[in-house]
Amino acid sequence: MSLKDRVSVEGLEEERWNRIEREVVASVRTRGDVVRARRGWMWAAAAGTVVAAGVIGVIALSGTGTGTGTGTGEAPIVVATDAKGTTIDLGGAKAIAAAETSFTVTRPGGGVDIVLARGRIDLDVPHRPDRAPLVVHAGDVDVIDVGTVFSVTRGEVVSVEVEEGEVQVARGGRVARVAAGQRWSEPMVASAAPVKAPAVTANADAAAVAKDRGAGSASAGAVKDPLARKHVASAPGAGSAKAERATPERERDEGSGTGTSTGTGTGSDVIMDLARAIRAEPIAAAVRVDGGDPFAAYQDMMLHATGGTASQGLYGMARTRFAAGAYDDAMRWLDAYLDRFPRGGDMEAVLWLRVRIRCQAGFDDRCREAAQTYLDRYPGGHRAHIAELVTNTR
Amino acid sequence: VATVAYVEDVVLVDRCLEGEEAAARELFRKHRARVHACLYRVLGGNRDMDDLLQDVFIQVFQSLKSWRAEASLATWIDRIAVRVAYRYLSHRKAAPPTLELVEDAVPIALVNATAGATVGARKAMAREGVRRLYAALDRLPPAARVAFALHEIEGRAMAEVATLTGASVTATKLRVWRARRALVAAAAADPVLREMLEEREP
């Protein structure tokens, strides 16, 4: 028996703890002016440390973000190397990140998802027959691996070199198999999500989303919002402004492609209209960044900027991932936003994007929770009428 | 797991630095038990504990801006706790008089072996052993006491104790060794303390 076992700690009563906590928090409150200072460098340092920390944490981030909370345990890990590269253990897979490389790692559904913002990663992935694949996203190129040795470089050209085994490279609906000794490369193209200034976003967003869905042209133009019409009809006097707001440029509806609706149905018709209405609502664009890779630019903003700029960077990352169709990733960034910037300037956009993503698969509890969160925060918000209908789908 | 906790700490500290009161409460609740246990094991009781805990956490929040995110938040807070404990030991008035050792004090092993010895009696004996341990530690220089308590009672590695106390590993080992030697000397005249220390190293 050690002395530690022999010296048992006598606990304090909860009342004493409460008193101590009150004193401490009161002290913090009175020193608020001293304490209040956001630090971009802390996040940069965190990223650097995560590089060194390696696999255990990354693996512990497993989970598909199925919860409705905003815990950071599901947040992606940001890795950024400086002039020196580093080696990271991804729980079996080994990643060698070259200098000046940045990427994020998440664990959706037990797989490993790496979003390469820039630079080069060499990967050595053991055969994983019973596990979800490891996927590297480099812009609109997806490299899917189930056990091999390969590298992905993202610069002006995206290249994939395979040393052992075989990987699948997917881009724009095309899939190529690259075997050992082979090299695949194609020029990098601009992100699938053109980033525009806020408030004039509908067309750009519609284009991005339509493209993501393989809908081809983004000339959705004037698809009408059936829900808005329904809402006006059912709530006279309250809907004209909403109707006006709802009619201009909308993204293409992915259901019928016509956006038509009787506006009088019930049950499944209503649900369908509601789904269309949610999709028809524009998603606020992220702040404009000039040239280069928007994701990397937003990542830099998040890591190195302070205050509102950092929060805009985080929303930009979520928005970019959403536009690229990586909805789980987008949700993680959005949840990270809620954790870090509970009073952030993009909050309405963040909460609405959560609704949009959560309700894609149908009107389940997660969808309703997202809508309720929006409604609680913005009872008079632009989309409150839709959120309210969503919460009533039960 | 360590990295997840680390990222959570970064987020939590960031929220605290934004002035979010709920975050300050969360940080306090997350670390309070460990800090309390550390102070308790170094000091040997809850005397002045409320003030000490307040002192630690007020210093934590005052200095939060200086937390370099490359180090564990828990370790950083523990360093502050150790500094507070050290200062307390250095400045406090003379320790309250301890009970004179009883010549015929019954060794713990004997109590344990005695048929019919109640659980209560054994607990009382163990408590007495702990009391005498801290009475002996009271006679040590604060630096040696803190090092000994963190290593031998808290069970922390020597390198970690060195980090927490801001001393070299060699100096830390020396302090622990000196404390051990002093305790063995005290135990020579105190059968209860001797029993306790002997049980530590079977």
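**Reading helices and confidence**

Guide: Let us begin with a bend: helix H2 of chain B is kinked by about 45 degrees, with the kink centred on B:Arg32. Helices (H or I, at least four residues) and strands (E, at least two) are DSSP runs, numbered from the N terminus. The bend at a residue is the angle between axes fitted to the seven residues ending there and the seven starting there. This is a predicted model, in which local features need pLDDT of at least 70 and side-chain atom pairs count only at pLDDT 80 or more, while totals for chains, interfaces and linings use all residues; side-chain values use heavy atoms, without hydrogens and water. Residues are numbered from 1 along each chain as its sequence is written, and chains are lettered from A and ligands numbered from 1 in the order in which they are written.

Visitor: How is the packing of two helices described?

Guide: Two packed helices are described by the angle between their axes and the distance between the axes. Axes are lines fitted to C-alpha atoms, for helices over the stretch in contact, and angles run from 0 to 180 degrees between N-to-C directions. In chain B, the axes of H8 (residues 158–165) and H9 (residues 169–188) come within 9 Å and cross at roughly 105 degrees. H8(B) and H9(B) are therefore roughly perpendicular; angles under 35 degrees count as roughly parallel, over 145 as roughly antiparallel, 65 to 115 as roughly perpendicular and the rest as oblique.

Visitor: Which residues of H8(B) and H9(B) meet?

Guide: Contact means heavy atoms within 4.5 Å. Among them are B:Met158 and B:Val161 in H8(B), and B:Val169 and B:Val176 in H9(B).

Visitor: What is the mean pLDDT of each chain?

Guide: pLDDT is the predictor's confidence in each residue, from 0 to 100. Chain B has a mean of 82, with 80% of its residues at 70 or more. Over residues 97–111 of chain B, pLDDT is below 50, and this stretch has 24 contacts beyond near neighbours in sequence. Chain A has a mean of 65, with 61% of its residues at 70 or more.
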